[in-house]
Amino acid sequence: MNKSTLVAKATLHTFVKWSKWYTAMFIGIFLVIVVLLNHLSTYDWSLLQGYLQSTRIFFLILGLMSMRGFLEYFVSNGVTRKDYFKGMASASARLAIVMTIAGLILHGLERLVYFVAGWELSHTWPFMEQSLFIQTVAMLSTFFLFYLLGWFISAGYYKFNPYAGFGMVMLCVAVVIVHNRFWGLDVPDPVVTWSDGLASSPFLSILLTAAFIAGLLWLLRQMTKNMEITA
């Protein structure tokens, strides 16, 4: 077994442990919200919407944590920077798949519970009306993209000065805005309509996201290739 595979397995094991705690807390908080808001007859929020929004922040945080501690640990144990990069990218991609499947299962259970209870599930978020394929691709790409954005920001601050790091944060904000607009993940309002995003061209949304991910992976590889370990 090569070192990049060992890095991926070790990192994925750690990420999965954190993900279990995160998912348990998310479900607990969501159940409280559902009970309270249904009691008040004001519930207009779906589990899928909450899961996607909070889980992408979870992935962003994982990315931010993937630079200093993980890099220094693996390099100090004889892992090359190339194997570190390949292992971290592989682990995050696998976790994105796992968390996407978990999100779809939770959304299916939510629909079942609402059907059995006779409640009406909110459809104020147009994304819920899209096909299972589109929801899956959007969730998977969003989770992986947000991980890479967090990793990119962390690498920028680690390798360069704070000013360069802040510039990378601004670049990542722009990427998120464009990505959300094309996938229709923005909060619906009278100005930004669904037809401005995914409904106009699913292929373009997938192509754009793939370009963002490929670009970030290339930049991260260049940044970590000869990165010095700082004390």
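Start by selecting phenylalanine 59 and phenylalanine 143: both are buried, meaning under 20% relative accessible area, while exposed means over 50% and partly exposed is in between (1.4 Å probe, protein chains only). Before you click on, know that this is a predicted model, where local features need pLDDT of at least 70, side-chain atom pairs count only at pLDDT 80 or more, and totals for chains, interfaces and linings use all residues. Residues are numbered from 1 along each chain as its sequence is written, and side-chain values use heavy atoms, with hydrogens and water left out.

**Stop 1: ring pairs**

The structure holds 15 aromatic pairs. Rings of Phe, Tyr and Trp (its six-membered ring) pair if their centres lie within 6.5 Å; planes under 30 degrees apart count as stacked, over 60 as edge-to-face and the rest as tilted. Select tyrosine 22 and phenylalanine 58 and you'll see a stacked pair, 4.6 Å centre to centre with 10° between the planes. This pair links distant parts of the chain, 36 residues apart: tyrosine 22 sits in helix α1 (residues 3-39) and phenylalanine 58 in helix α2 (residues 47-64). Helices here are DSSP runs (H or I, at least four residues), numbered from the N terminus. Tyrosine 22 and phenylalanine 58 are both buried.

Now go back to phenylalanine 59 and phenylalanine 143, which are stacked too: 5.2 Å centre to centre, 0° between the planes. Phenylalanine 59 is in helix α2 and phenylalanine 143 in helix α5, 84 residues apart.

Next, highlight Phe15, Trp18, Phe70, Tyr73, Phe74, Tyr84, Phe85, Tyr147 and Trp151, which ring pairs link into a cluster.

**Stop 2: helix α5**

Select residues 132-159. Helix α5 has 28 residues and reaches 40 Å from its first C-alpha to its last, close to the 40 Å expected (1.5 Å times one less than its number of residues). Of those 28 residues, 21 are buried, so α5 is largely enclosed by the rest of the structure.

**Stop 3**

**Stop 4: serine 205**

Finish in helix α7 (residues 202-225), the place of serine 205. Is serine 205 buried or exposed? At 0% relative accessibility, serine 205 counts as buried. Look for a polar atom of its side chain: the backbone oxygen of phenylalanine 182 lies 3.0 Å away from that atom.

Definitions and conventions
Helix = DSSP H or I, 4+ residues; strand = E, 2+ residues; numbered from the N terminus. Polar contact = N/O pair within 3.5 Å; in protein donor to acceptor, adjacent residues only side chain to side chain.
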